[in-house]
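Hi,

Here is the structure I said I'd pass along.

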Amino acid sequence: MADASFPLEFVTPTGGVQRLRCDGIVVALADGEAGILKGHAPMMAALPAGIVRVRSGETEERYAVGEAFLQVSQKGAAIFTTKCEKQE
């Protein structure tokens, strides 16, 4: 089976970078939610403050982010945000 994971980075203004590999993410948009999987079309979007759900295998982690921008490219996804905190 082909590897369905892709790199995801959370980047904050203080220079903090968290790098993960994931199978998919779900982000809030102004008009709903978007699910991103490997091979998604390139896009950029503004994200309101909220929760980003990150799925890897059978596990899902949640990250609280401040207002942010999402960039999806052939190389993976990056979220540029004012804050990023993993939720326990």
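Predicted model: local features only at pLDDT ≥ 70, side-chain atom pairs only at ≥ 80, totals over all residues.

**Thr12 and the rest of the chain**

Thr12 counts as buried because its relative accessibility is 16% (buried means under 20% relative accessible area, exposed over 50%, partly exposed in between, with a 1.4 Å probe and protein chains only). You'll find Thr12 in the loop between strand S1 (6–11) and strand S2 (17–22). Apart from neighbours within four places in sequence, Thr12 is in contact with Thr81, Lys83 and Cys84, contact being heavy atoms within 4.5 Å.

Residues are numbered from 1 along each chain as its sequence is written, and side-chain values use heavy atoms, with hydrogens and water left out.

Now the whole protein chain. There are 10 strands and zero helices (DSSP runs, numbered from the N terminus: E of at least two residues for strands, H or I of at least four for helices). Of its 88 residues, 35% count as buried. The radius of gyration is 12 Å, which agrees with a compact globule, because 88 residues would give a value near 12 Å (taken over C-alpha atoms; the rule is 2.2 Å times the number of residues to the power 0.38). The C-alpha trace spans about 35 × 25 × 25 Å along its principal axes. Among contacts between residues at least 6 apart in sequence, 41% join residues at least 24 apart.

Cheers
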